[in-house]
Amino acid sequence: MTSYNLLILPGDGIGPEVAGEVEKLVAWFSNRGTVRFEVEKDLVGGAAYDASGLPITDETMQRALSADAVLFGAVGGPKWDGVAYDVRPEAGLLRLRKDLGLFANLRPAICYPALAEASALKREYVDGLNLVIVRELTGGVYFGEPKEVVTLENGEKRAVDTQIYTTHEIERIARVAFELARRRQGRVASAEKRNVMKTGVLWHQVVSEVHKDYPDVALEHILADNCGMQLVRNPKQFDVIVTDNLFGDLLSDVAAMLTGSLGMLPSASLGAEDLVTGKRRALYEPVHGSAPDIAGQGLANPLAMIGSFAMALRYSFGLVQEADLVEKAVANVLAAGVRTKDIAAPGAPTVGTAEVGDAVIRELDALTQ
Ligand SMILES: NC(=O)c1ccc[n+]([C@@H]2O[C@H](COP(=O)([O-])OP(=O)(O)OC[C@H]3O[C@@H](n4cnc5c(N)ncnc54)[C@H](O)[C@@H]3O)[C@@H](O)[C@H]2O)c1
Ligand SMILES: CC(C)[C@H](C(=O)O)[C@@H](O)C(=O)O
Ligand SMILES: [Mg+2]
């Protein structure tokens, strides 16, 4: 029986709460006896900082490098507000992304039929919505140097972040977007700000050049601010949106609200395919953060995390039927009216994080009987 090495990094705030629900699914699949997961758990973010003074240790990085896939909860929170910039909880996540080479971040925004009323938009605008944001994840202003705060002669301070993109970085993320679009509705919207930024000019040129290899895919260039507006005006016009690290961060939080809640958006962060083994490094995480406002109360929606596990089944383990099964179970649970507070209509009954995980497990049982 195939065995997969899974590293779970629950993190902070609601991270451990939603990761706990995925552990139930991991156990469910292991108990079925068709696939085996060797699970390791470790600290990341504020939890790691409290234990070691670092948001991720070299030992944890080694575990992540040798895992078949990493499942990541969320990091950060007000407890670590005063922590030095280089060792803040979020730096642990950024190191994982950079050192694992996870340049391609897929953030699908799917509006489940049962959740159309929970969307920020009216049903007609989101019914059947299925778009994916392909966010470049290891370049741009997140990592560009210099990145510093300097004190000027007059005592004033100057903070600098630097947006850098190379042809290679743009080309490889564009290929991911075009390849994905080929398997979907065949449309890519490339979002940048070439009207203001040199990186935007290069982005536009390189994406246009790569497009020549994909004549079967329709390409639209769109300014990123307009893209945000269009997402809210008429999201169903989009199939695949490819964009840089920062714009992708912002646009995916916007897209989340079209699906009902930030608690619904999963993601896969993928590296390049190894030419010899065909394997790629990968980390799966919900798009949301540690949600300090609801942490520790059992209120968090675990479906973004569960959806991220489904993406791991699909992309890292090739367990496509199992991934479909999890997604079907989630759809059925929602159709049955099971709702955490974030996706419930005002006044409607709600359940907690664990009840949603349990309902998904019951549905998996029912679907496989
Ligand atoms: N991947 C990550 O680890 C990640 C992502 C985003 C933010 N963060 C960090 O999280 C901390 C809090 O950031 P924030 O408050 O701006 O963003 P957040 O995503 O944590 O929360 C934003 C809002 O969405 C709600 N929300 C988020 N996830 C939810 C869920 N699963 N179920 C129900 N409601 C949910 C929260 O309650 C909150 O009202 C910060 O330290 C930030 O840096 C981490
Ligand atoms: C926590 C933070 C570093 C992260 C980001 O900005 O990429 C988060 O907002 C996300 O969307 O994954
Ligand atoms: Mg974000």
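The model is predicted.

**The sheet**

Ten strands make up an open sheet with mixed pairing. Their order is β2-β1-β3-β12-β11-β4-β5-β10-β8-β9. The edges are held by β2 (36–41) and β9 (218–223). Each has a single partner strand, so one side of each is left without a neighbour in the sheet. From one strand to the next, the twist averages 25°.

Strands of a sheet pair through backbone hydrogen bonds, either parallel or antiparallel. Strands β11 (residues 268–273) and β12 (residues 280–284) run antiparallel and are joined by four bridges. Within this pairing, Ala268 stands opposite Tyr284 in β12.

**Helices on the sheet**

Helix α6 packs on the sheet and touches β4 (104–110), β5 (130–136), β8 (187–192) and β10 (240–243). Helix α9 also packs on the sheet, with contacts to β4, β5, β8 and β10. The table gives the direction of each helix against that of β5.

| Helix | Residues | Strands touched | Angle with β5 |
|---|---|---|---|
| α6 | 167–182 | β4, β5, β8, β10 | about 165° |
| α9 | 245–259 | β4, β5, β8, β10 | about 160° |

Methods: Residues numbered from 1 in each chain as written. Chains lettered and ligands numbered in written order. Predicted model: local features only at pLDDT ≥ 70, side-chain atom pairs only at ≥ 80, totals over all residues. Pairing = 2+ DSSP bridges. Helix = DSSP H or I, 4+ residues; strand = E, 2+ residues; numbered from the N terminus. Axes fitted to C-alpha atoms, helices over the stretch in contact; angles between N-to-C directions. Contact = placed C-beta atoms within 7 Å.
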